[in-house]
Amino acid sequence: MGYELRAAIVGATGYGGVELIRLLQAHPYVRITSVISTSSAGAAIAEGFPHLHEIVVGVLDELDIDLIAGKADLVFLATPAGVSSELSPKLLAAGLKVIDLSGDFRLKSPEVYEQWYKRKPASQEYLDLAVYGLCEAFGEDVRGADFISNPGCYATSALLGLIPAVKAGWIDPSTIIIDAKSGVSGAGRAVSLGVHYAEVNENFSAYKVNKHQHIPEIEQTLGRIAGQEIMTTFTTHLVPMTRGIMCTTYASVIGERSEEQFIDLYKQYYEGRRFVRVRPQGKWPATKEVSGSNFCDIGFAVDERTGRVTIISVIDNVVKGAAGQAIQNLNLMMGWDETTGLLFAPVYP
Ligand SMILES: NC(=O)C1=CN([C@@H]2O[C@H](COP(=O)(O)OP(=O)(O)OC[C@H]3O[C@@H](n4cnc5c(N)ncnc54)[C@H](OP(=O)(O)O)[C@@H]3O)[C@@H](O)[C@H]2O)C=CC1
Ligand SMILES: CC(=O)N[C@@H](CCC(=O)OP(=O)(O)O)C(=O)O
C-alpha cells in the first residue's frame, strides 16, 4: 500500500510528542512533516533529543496554523490542557484532521470540565464533535472521524479493566474502588518539586485524592456503558519508576462468578482486539510486562469470602496511555488495520 499521510505534532518536545515521533517514524503509512515547538522553534530536533540523532532529521517549526495546513493532513496535539481547546477549532477549519492527547475534549459537559480542570472549557459545539477514542469500546465511532479526543492515561487503564464487567452487569457499579499508581513520566517533562528525584525516589505518595481530573472521565464512560449514572472512588499514587500505570480495582460481584468466568467474559469482549491481553487464572500483570508497548494486560482474583473481584490492569502511560493509543485511533480513522505500526513486544527487562 503506497498511502502516505503527512502528520504534524504540536508539543513535540514533551514526553507524549517525543513518543509520537518514536512510534510514527516506524509507521509504514505516515510521514512526519512538521514537529512544532513554541519554546525551541528553529532548533534541530536531535539537538534536544540526542536519542533521535540520525533517526529524525529536521528543525522544530513554530506554531502557525497556515504553515501546518500547508505541510500536513493531520495534527497530533500533545499539549497541556487549555491549549487544544483554542487550537482545535482553527486546525479543523483549516481542513486538518486532529487527534488531541489532552483532556480538553474528553468530557462532554463544559461545566464538568471547568469543575475538574479549573479551566475555561471548549465550546459545546466542539465538545460534541470530538469522538472519545477508546478504541476497544468505541472503535466504530472512531472509523472515519476527523477529530479524536484521546483518553486519559489512568482512565484507559481503569476503563479497559472495568468495561466488560460493567456492561455484563457482573459487578455492582456503586461499589467500584480504583486504586491507581503511575510512573513519573505521567506528569510530563516540565520540572516541578513534586517530580524532583529526591522527592520521588524511594517514596510512594498519594495525590489529588478525590480531586483527580480522570474521575469524571471514568464516570462518564462507565455511565455510557451501563446506561445509568455511576460514581467511583479513584485514588492516584506516584511511584518511583519512569513509565507504567497499574490500576487495582475492587467491586462487589453480582451473583456467583468465578475467576474463570471473568476471564472468559473479558476474552469474549476483547476478541479481535490485539492490544488487550487477558491473563490466565492466578497470573496478575506487572507494569514491566507492557513497558514500551501498546498493550493493556488484565488479571483477576475473585474472593469468595468477601464476594469481591479484584481486577488488575496495567499499561505504559506514554504508549497505550498517550502516543500509542493516538496512533491506534489514527489507524481506525484512516481505515487501516488497528495494529499498523504498533504491534511490537514490550521492552524487557
Ligand atoms: N505523559 C503522559 O503519560 C500522558 C500525557 N497526557 C496528556 O498529553 C498532553 C501532553 O503530555 P506530556 O507530553 O506529558 O506533557 P509535557 O509537559 O511533557 O509536554 C507538553 C508540551 O506542550 C508544549 N506546549 C506548552 N504550552 C504550549 C502552548 N501554549 N502551545 C503549544 N504548545 C505548548 C511544550 O512544548 P514547547 O514548549 O516546545 O512548545 C511541551 O513540551 C497533556 O495534555 C497530558 O495531560 C495524556 C496521557 C498520558
Ligand atoms: C503522574 C501524573 O501526574 N500523572 C498525570 C496524568 C494525567 C494527565 O496526563 O493528564 P490528562 O488529564 O491530560 O490526561 C496526573 O495525574 O495528572
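## Terms and basis

Two strands are taken to pair if DSSP finds at least two bridges between them. Helices (H or I, at least four residues) and strands (E, at least two) are DSSP runs, numbered from the N terminus.

This is a predicted model, in which local features need pLDDT of at least 70, side-chain atom pairs count only at pLDDT 80 or more, and totals for chains, interfaces and linings use all residues. Residues are numbered from 1 along each chain as its sequence is written, while chains are lettered from A and ligands numbered from 1 in the order in which they are written.

## The mixed sheet

An open sheet of 7 strands has the order E8-E9-E7-E10-E13-E12-E11, and its pairing is mixed. Strand E8 (205-207) and strand E11 (276-278) each have a single partner strand, so one side of each is left without a neighbour in the sheet. From one strand to the next, the twist averages 25°.

Within this sheet, 7 bridges pair strand E12 (residues 296-303) with strand E13 (residues 308-315) in the antiparallel sense. Phenylalanine 300 has isoleucine 311 in E13 as its bridge partner.

## The parallel sheet

Another open sheet has 6 strands in the order E2-E1-E3-E4-E6-E5, with parallel pairing. Its edge strands, E2 (30-36) and E5 (131-132), pair on one side only. Strand E1 (residues 5-10) runs parallel to strand E3 (residues 74-77), and 4 bridges join them. Isoleucine 9 is opposite phenylalanine 76 in E3.

The UniProt record (unreviewed entry) places the feature "domain: Semialdehyde dehydrogenase NAD-binding" at residues 6-145; such annotations may be inferred rather than shown by experiment. Over residues 6-145 the chain is 38% helix and 16% strand, and the end C-alpha atoms are 17 Å apart.

Helix H12 (residues 319-333) lies across E3, strand E4 (97-100) and strand E6 (147-149), and runs at about 150° to E4. Axes here are lines fitted to C-alpha atoms, for helices over the stretch in contact, and angles run from 0 to 180 degrees between N-to-C directions.

Helix H1 (residues 15-24) packs with H12 at an angle of about 45°, and their axes are 9 Å apart. Gly16, Glu19, Leu20, Leu23 and Leu24 in H1 meet residues of H12 that include Val319, Ala322 and Ile327; contact requires C-beta atoms, placed from the backbone, within 7 Å.

Conventions. Two residues are in contact if their C-beta atoms, placed from the backbone, lie within 7 Å.
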